Each structure stands twice: as C-alpha cells, then as structure tokens.
Amino acid sequence: MNSAPPTVFIVDDDASVLKALERLIAGAGLKVATFDSPQRFLDCHDPSTPGCLVLDVEMPGLNGVELQRALADRGSILPIIFLTGHGDVPKGVQAMKRGAVDFLTKPADEKDLLAAIGQAFDRDRVLRQERGGLAEIHGRLATLTAREREVLAYIVSGRRNKQIAADLGTVEKTIKVHRARVMEKLKVRSLADLVRLAERAGVERPPYGS
Amino acid sequence: MARSRWYFLVGVSLLCSTVALGAQPEHAPWRVLFLRGTALFSSSDMIYDLAMRDAITSGTDRVVEFHGEPLDAVRFTGTEFEQELMEFLRKKYRNMKFDLIVAAGPGALDFAARNRNALWPETPVVFYSVLAESLEGKRLPPDFTGLTLGLDPAGTIDLAMLLQPGARRIVVVAGKGAYDNNWIRRVKPLVERHRGRLDAEYLIDEPLPEILDRVSKLPADTIVLYLSMIRDAQNRIRVLPEVAKELAQASSAPVYGFFETYFGMGIIGGSIASFREEGVQAGRLALRILNGEKAESLPVQPAPPARCNIDWRQLKRWRIAETRVPAGCSVQYREPSFWEAYRRYIVATVLVVLVQATLILGLLVNRARRKGAERELRESEERYREVVDSQAELVCRYLPDTTLTFVNEAYCRFFGRRREELIGRQFLELIPEGDRAAALEHVASIGKEPRQVAYQQKVLMPDGSICWQEWVGHTIRLPRGVVELQGIGRDVTDRKRAEEANQRLTHLSRVAMLGELSGSLAHELNQPLSAILANAQAAQRFLAHNPANFDEIGDILQDIVRDDKRAGEVIRRLRVLFRKEEMQHQPVDVNEVVQEVMQLMRSELMNRQVSVVTRLAPELPLVKGDRVHLQQVLVNLVMNGCEAMTAGSERRPRLSLQTRVVNANGVEVTLIDEGTGISPDQVERIFEPFVTTKAQGLGLGLSVCRTIIQAHGGRLWASNNADRGATFRFTLPAHTGGGSQ
C-alpha cells in the first residue's frame with residue numbers, strides 16, 4: 001500500500017490560471033503537479049500515486065469529461081474536481097455520475113477549492129483501502145482450482161450440495177470436500193461470509209440459477 | 001532561232017492583212033438617169049425629186065451619179081421634136097451605161113415607155129408622180145415599176161362639207177392648160193356626186209383677175225375648190241401656189257385644195273398627199289432595184305395616202321369651230337398663244353414677282369421667327385421655371401456663405417415656408433448646430449473636386465423633428481465675377497430611416513449572436529478572473545507567512561495586473577460588438593478579422609468540440625469596410641457551420657476557414673463545413689429573412705450577413721460540397737486607396 005503524501009494534479013490549458021492555482025494550492029501546503037493539457041497528464045500519470053485531479057472542463061484536444069473516461073478505462077480511481085466557466089448543470093450531473101468529487105464554477109474561491117481537494121483526498125484514501133482489500137480477496141480466489149471455483153459459483157447461487165452434485169454429475173460427498181476446501185482457502189467461516197466475499201469480488205453465478 | 005521564227009510570223013501576218021485590204025472590192029458608182037417630165041423649178045416637183053434622191057443616197061454607201069433631163073413634156077411636144085431630142089440624148093450619153101432610169105411625172109413616163117428600148121435597152125425604169133388613172137389602158141414594159149400619185153380631190157370635197165355643213169355651193173377654180181383640163185375632167189364627177197346639196201360653179205373661162213373678183217363676192221357659205229392653173233384664160237402661165245395665195249386672199253369664202261404646195265398659202269386645207277413622203281418611197285423602190293432586185297418582180301404601188309391637213313389661221317378667219325375638224329386631221333400654223341409669244345417676258349416678270357415675293361416672304365418669316373424665338377424664349381423660361389418648380393427634387397441657389405438666392409417650390413414645400421421667408425436667409429440655420437461645421441466644409445469643397453459626391457445632411461424641420469437630405473452641388477459663375485452655388489437635393493429621410501432600421505436589425509442580430517456566445521464569452525472572462533482570484537488568495541497566504549515571501553508576491557501582483565488587463569480586453573471587445581454604431585469604412589485586414597473571430601469563438605468551438613482549420617493568404621490586400629460588421633458575418637457563418645455539424649456526426653467535426661486573393665485584388669473568404677449540407681431548394685432562400693433551418697433562432701443571421709457584405713460592395717453565397725457539407729463564400733473588393741486612412 002502506497003503511503004506517499006497525496007498530490008494535487010492540476011490540468012488547465014490556460015497558463016496563467018494554471019500558475020495561479022499552483023501557487024494557491026502549493027501555498028496551502030499541498031503537493032502540486034501541473035499539466036497544460038489532458039494528454040500530457042495522461043502520458044505521465046501513475047495510477048498508484050494518491051491524490052486528486054483539478055481539471056478545467058473546456059480544453060482543446062481531450063476535454064475534461066473525456067479525460068475522466070480515459071482514466072476510468074485505465075483503472076484509475078483518481079477523484080476529479082471539475083472547474084467550469086459556465087454553471088452547466090447537465091454537464092455537471094454527468095460528471096458527478098462518472099465519479100467526480102466536485103464541480104466548481106470559475107472563478108473558484110480558495111476555501112471551496114481547498115475543501116473540495118480535502119474531500120477528494122478522503123475519497124481517494126477510502127477507495128484505495130477498498131481497492132487494497134479487494135486485491136487480497138482476488139489473491140485468495142486465485143488459489144482455487146477450476147472445480148472449486150465452479151462449486152463456489154453454485155454455492156453462492158444458493159444451491160444445496162445434493163443439487164450441485166446432480167448438476168455437476170458427481171456425488172454429494174465430493175461436493176462437501178470441495179466446499180470445505182473453498183471455505184478454507186478463502187478464509188471464511190460461514191456461508192454468509194462466503195456469499196459477501198464472492199459478491200464483493202464479483203464472482204459470476206452459473207447460467208441456470210435457482 | 002526562236003526569235004527569227006517570230007519575226008517571220010509577224011511578217012506573214014502583215015502581208016496577209018495587206019492583201020486582204022487590197023482585195024476589198026471597189027464598187028463602181030451607180031449611174032441613174034433622171035427624167036423630169038415637167039419644167040424646172042416646180043416647187044412640188046423639187047420636193048419630190050430631192051426626197052427621192054436623198055432616199056437613194058442615204059440608203060447606200062455606194063457613190064451614185066445622177067444625170068438629169070428636164071423634158072418639159074407639157075410644153076414641148078411633137079414627133080419631130082422627139083426624134084431630135086432622142087438624137088441628142090443618144091449622142092450625149094453615148095459612152096454611158098445607166099443602172100436605173102427614174103421617170104418623174106406622166107410626161108417622163110410616156111417618153112421612157114416610147115424610147116427606152118431604143119436609147120437604153122435593159123435599163124429598168126422607176127416612175128412616180130403619175131396618177132393611177134393615167135396608167136389605165138397603158139401597157140408598160142415588165143421592167144417598169146413605180147408609184148401612183150396619192151392626190152385626193154374627193155377627200156378634200158368631203159372635208160369641205162364637214163367643215164362647212166351649211167354650204168350650198170361649190171365653186172371650182174382651174175386654168176385652161178392641158179394639165180388643168182385634166183383635173184377639171186376628173187373632179188367634175190366627184191362634184192356631181194353632191195348634186196342637190198351643192199350647186200356647182202366652174203370658174204375656168206376667165207382670166208385670173210376676174211376670177212379673183214368673182215370669188216371676192218361669194219357668200220360665206222360657199223366652198224371654193226382650187227384645182228390648178230398652169231395657164232389662165234388669157235393663156236398666161238401661172239405658178240400654182242401663187243394662184244392659191246391670191247385666191248385665198250381675195251376669196252370671201254374658204255378655199256380648199258389638195259396639193260401640198262397650196263397648203264400654208266391661205267387655203268383652209270384639204271386631203272393632201274405629202275410630196276416628200278412619196279419621193280422617199282420612190283427612192284427606196286429605186287434603191288431595191290439598184291441593189292439587184294428585178295423590177296419585174298416589184299409591182300406598181302400606191303403612194304402614201306393623202307391626209308387631212310388644216311390651216312388653223314384659216315379656221316379662225318372663217319370662224320369655223322375647231323370641234324368640226326375631224327379626228328386624225330393635222331391642224332397646223334397654230335398661232336402661238338400669249339404664253340408662246342411672250343414666254344420670255346412672262347418668265348422674266350414672274351421671276352421678278354417671285355423674287356420680290358420671296359423677299360417679302362423671307363422678311364415675314366424672319367419677323368415671325370424672331371417673334372417665335374422671343375415667344376419660345378419666354379415659354380422656355382416659363383417651362384424651365386415650371387420644371388424647376390414641379391420637381392420633386394429640391395433646387396436652390398446660394399452664395400458661399402449659404403445665403404439663399406433662389407429656391408424652388410419643392411424646397412419651400414419641404415420646409416413648409418414661403419419663398420420670401422427663405423430667400424436671403426442662410427440655410428445653415430436649417431441645419432442642426434452640431435452639423436453646421438461639416439455642412440460649411442462641404443460647401444467649401446464644391447467645385448474643388450472633379451467628381452461630385454452626394455452629401456447627406458440632417459435638417460431641422462419647423463416642428464423640431466429631424467429629416468435627412470442628400471445634396472449634389474456645383475458652382476455657377478455669373479457675370480461680373482459673382483459665384484453662386486446650385487444645389488439639387490432630395491429628401492432621403494425615408495431611406496435614412498430604413499438604413500437606420502437596417503442598422504438596428506444588424507445590431508440586434510449581433511446582440512442575439514453574442515447572446516448565443518455568452519457561455520463561451522463568460523469562459524473567456526472567467527479565465528483571467530480565475531487566475532486573478534487564485535493569485536490574490538495565494539498572495540494573502542504568502543503575506544501571512546513569516547517571513548513573507550515578497551518576491552513571490554511581486555510576481556503574483558504582476559500576473560494579477562496582466563490578467564486584469566486581459567479581462568479588460570475581453571470586455572472591450574465585447575463592448576465593441578455590442579456597440580450600436582453606423583457602419584465605418586476603414587481599411588481592414590480580413591486575416592486579422594478572422595483571427596479575432598477565432599479568439600472570440602475559441603471557447604465556443606471548444607465547447608462544441610469543433611476544430612477549425614484556418615488557412616490565411618499571406619499577402620491579402622486590405623478591404624474597405626467595418627471590422628465589427630465583418631466579425632459579425634464571420635461569427636454568424638462559423639456558428640452556422642457548427643450547428644450544421646453537431647446534428648448527428650460521429651467524428652469530431654471540422655470547419656475549414658480560408659482567405660485568398662481573387663479577381664486581381666479582391667478578397668474571398670471561404671468557410672467549408674462537413675455538416676448536413678443545404679437542401680437544394682434552400683440554397684438561396686436561407687439568405688431571406690425569417691427563413692431558418694434551425695429549431696431556434698429568428699432566421700435573421702444570414703440575411704443580415706448578406707446585407708452587410710453587400711453594403712461592403714461584396715457578394716455572399718452558399719453552395720453544397722461534392723462530398724458533404726456546405727461552403728459559404730463571400731468576396732470583398734479591395735480598398736483602393738483614397739478615403740480615410
């Protein structure tokens with residue numbers, strides 16, 4: 001888990017705005033990195049670096065919304081604070097749905113901006129923690145054999161051992177062994193824990209459920 | 001060699017032609033023996049004979065020798081005489097051969113018939129002047145031919161009875177000679193035919209003086225017919241025409257005759273044969289024989305017929321109406337009429353009168369013209385005044401200090417004042433104070449520039465309202481060095497108001513356009529404001545630090561100042577666009593306008609995700625125009641292009657904006673979009689007001705654009721691209737110097 005201090009990434013094509021924001025945010029004691037175009041930011045971006053993105057919506061080339069999409073495609077969870085010239089509500093709603101932390105109208109006041117950055121940092125931290133737990137679960141899931149994974153899918157879908165044995169053309173005893181192995185490998189004690197874990201990891205259910 | 005042959009040929013041809021000339025036959029002259037039966041110097045015979053001779057000689061190229069013998073057979077008669085005469089003739093013409101014998105008169109014919117064979121055997125004979133009756137019972141040799149006389153006593157008597165239908169008596173006058181007796185004998189039966197109607201009397205047995213006395217006592221209803229008088233009763237030889245003359249002079253009744261020689265001597269007329277014609281006919285007959293025709297084959301022919309001839313003077317003398325004269329009669333000796341007699345005098349007199357009349361007429365015309373010219377001048381003055389007064393145009397004359405010296409009706413009407421109120425006043429008073437200096441400047445410029453430019457000015461109406469006039473002035477130089485100015489003007493208030501309305505519309509359309517751009521414009525303004533706010537708040541932080549970082553604060557303040565100016569610039573640009581001003585005509589760089597528009601629309605284009613590719617001609621001439629208006633046109637067109645493209649396009653839309661030089665020094669701006677294009681029936685209509693293809697908008701944009709471009713002297717049009725989208729194009733004429741710079 002990365003424990004480096006979070007960075008505020010600022011992307012704005014307007015050099016003077018970029019410089020002013022950098023001064024302001026850096027002046028508040030935060031670590032700042034500036035980019036004069038979304039593409040340049042994308043090119044240098046390391047998803048593992050914690051922090052948040054302060055992004056001008058209107059830019060030539062990739063615009064803010066497109067950058068947001070590109071980050072998601074790369075599995076980045078970096079929270080984004082949008083800055084916009086017009087209070088364009090539909091665009092704001094769209095951006096928020098895609099996971100924007102805030103949508104500030106220019107000129108943005110220092111207090112609002114820093115508050116939004118604080119919030120974004122919190123969000124980033126939580127997401128990263130969540131993302132850390134999930135990675136461990138995925139690690140455990142990876143230890144399952146193909147047959148155990150198959151059985152897991154049936155269990156999660158609520159089938160009984162006898163039914164699963166019938167489905168897979170085997171005996172109940174074998175299924176019981178598989179089930180015990182799965183519980184052991186995934187480090188869960190109860191069926192309820194097993195279902196919760198499988199759901200979090202996004203385990204798929206078999207094609208014909210109950 | 002060749003040369004010698006040529007000489008030979010020439011020599012031979014010359015020789016040949018010489019031989020041909022020598023071979024031309026040389027005719028021997030024709031010899032004609034002319035036998036005249038009567039004595040010499042008879043006037044009628046001389047007419048015959050000369051006409052006969054001329055007819056022969058003029059009908060041939062041959063030389064004709066005439067030999068003549070006057071036989072005077074009436075007076076010299078007897079066998080013995082004839083024997084001696086023959087002896088003489090034989091000797092005389094011993095060595096001569098005749099081609100033809102012409103026998104003139106009965107005596108000659110008889111002599112020839114008797115003696116030709118003995119004297120000139122085989123020589124053919126042509127005769128004439130012989131009565132047809134005298135040939136009766138005679139046997140002429142076959143090679144004798146000729147003419148019989150055409151004398152017509154019967155026709156003459158008929159004519160007399162026609163001219164004198166009331167005549168009771170005919171008096172025949174003749175001599176006592178054999179010839180005369182012959183005529184009496186022949187005329188008697190003709191007279192006899194009219195027995196019962198005409199009493200006949202023959203005056204033949206008396207000497208001429210007595211006959212003359214007798215005829216002088218005849219009643220007027222008498223016909224006097226004169227035949228001939230070679231000898232009178234006293235045996236005195238007479239000349240026939242002379243007798244006719246005396247008779248006619250003495251007679252108390254009209255005298256008629258049928259010999260040509262009597263005509264003109266005082267007789268009234270008759271049916272008269274022409275001796276000359278008969279002579280010509282005889283000559284032609286002789287010529288045919290000389291030319292080789294056989295006399296035997298040519299029959300005896302009658303002489304030309306006698307024709308009615310009347311002496312006009314005698315008609316008058318005897319008071320015979322000309323209406324009695326039968327048709328076909330030749331009336332001669334007509335006395336010249338007054339006109340014929342005095343033509344020269346009449347002509348001269350008429351000429352003199354004419355010249356005088358012309359002179360008088362000329363003077364009259366001249367006077368009338370002068371009067372007419374005076375009247376025309378007066379009328380033209382009136383007309384001119386009427387024209388000037390009835391003009392819708394305002395006409396005035398004024399001194400250089402604008403004192404009016406003349407105004408027309410329209411001028412008075414326009415200002416609602418009487419002429420007397422206006423003349424003598426300065427029209428400067430009628431102009432709003434603010435515009436007076438410019439008006440005076442204009443007046444001073446009149447006549448200094450060769451091309452008159454219409455000058456528009458505001459004027460104050462009596463009710464205090466403002467109207468517009470347009471004036472063209474020129475200088476008038478009056479005698480004695482006075483200079484006046486004449487102005488022709490018109491009321492252009494309506495046009496001005498329409499222009500103002502148009503300006504308002506243009507402005508409104510611009511404001512509406514700016515409204516559409518407001519989001520983007522806000523962004524443009526927000527950028528510097530954002531920077532300023534961030535910088536200012538950062539500075540506050542730096543100030544709060546201990547120690548304060550003044551270097552950093554100084555940089556910040558510098559940036560704040562810069563961004564503030566930038567914001568101010570945006571505002572200024574906006575204000576210019578919002579401003580409501582008359583169109584300016586300044587030299588404008590179209591490339592600069594394009595760049596300004598791109599700056600203005602940067603945010604809008606970004607927002608619409610439209611990229612614009614500009615390609616600007618490097619050396620574009622300046623155009624004369626209004627920067628703001630041209631910006632308006634470009635913004636409108638770019639917005640249009642954007643809207644055409646955002647509707648359903650998958651890839652990032654692109655506009656292409658180009659400038660280039662066209663037509664030597666015009667400027668063309670082209671905007672190509674990749675949108676949906678324009679439906680063909682709309683290509684022109686989209687420039688009409690209130691025609692729009694958009695869901696929103698008034699549809700004024702393009703119509704205003706076109707108005708603006710046209711006001712610049714340019715042209716704006718649209719067309720669809722071959723692949724997709726549309727192209728809008730406008731041209732602007734280059735600024736050609738002069739004007740304000």
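**Sheet in chain B**

I started with an open sheet of 5 strands in chain B, ordered β20-β22-β23-β25-β24, and I noted mixed pairing. The model is a predicted one. Next I asked which strands stand at the edges. They are β20 (611–615) and β24 (715–720) of chain B. Each has a single partner strand, so one side of each is left without a neighbour in the sheet.

β24(B) pairs with strand β25 (residues 726–732) of chain B. The sense is antiparallel, and I logged 6 bridges. For N720(B), I looked up the bridge partner in β25(B) and found A726(B). As background, I wrote down that strands of a sheet pair through backbone hydrogen bonds, either parallel or antiparallel.

**Helix pair in chain B**

I moved to helix α2 (residues 43–58) and helix α10 (residues 275–290), both of chain B. Two packed helices are described by the angle between their axes and the distance between the axes. Here the axes come within 7 Å and cross at roughly 35°. Is the crossing of α2(B) and α10(B) left-handed or right-handed? I recorded it as right-handed.

I listed who meets whom. From α2(B), the residues include I47(B), Y48(B), L50(B), A51(B), M52(B) and R53(B). From α10(B), they include F275(B), R276(B), V280(B), A282(B), R284(B) and L287(B). I checked the classes too: the residues of this contact divide into 12 nonpolar, 3 polar and 6 charged.

**Where chain A touches chain B**

How many residues does each chain put into the contact? I read 20 residues from chain A and 22 residues from chain B. On the chain A side, helix α1 (residues 15–27) gives the most, with 8 residues. By class, that side of chain A has 9 nonpolar, 4 polar and 7 charged residues.

**Chain A as a whole**

I finished with the make-up of chain A. It holds 9 helices and 5 strands. From the N terminus on, I read the elements as β-α-β-α-β-α-β-α-β-α-α-α-α-α. I looked up burial next: of the 210 residues in chain A, 34% are buried.

Key
Residues numbered from 1 in each chain as written. Chains lettered and ligands numbered in written order. Predicted model: local features only at pLDDT ≥ 70, side-chain atom pairs only at ≥ 80, totals over all residues. Contact = placed C-beta atoms within 7 Å. Helix = DSSP H or I, 4+ residues; strand = E, 2+ residues; numbered from the N terminus. Nonpolar A, V, L, I, M, F, W, Y, C, P; charged D, E, K, R; others polar. Axes fitted to C-alpha atoms, helices over the stretch in contact; angles between N-to-C directions. Left-handed = near helix turned anticlockwise from the far one by under 90°. Pairing = 2+ DSSP bridges. Buried ≥ 20, exposed ≤ 12 C-beta atoms within 10 Å, placed from the backbone.
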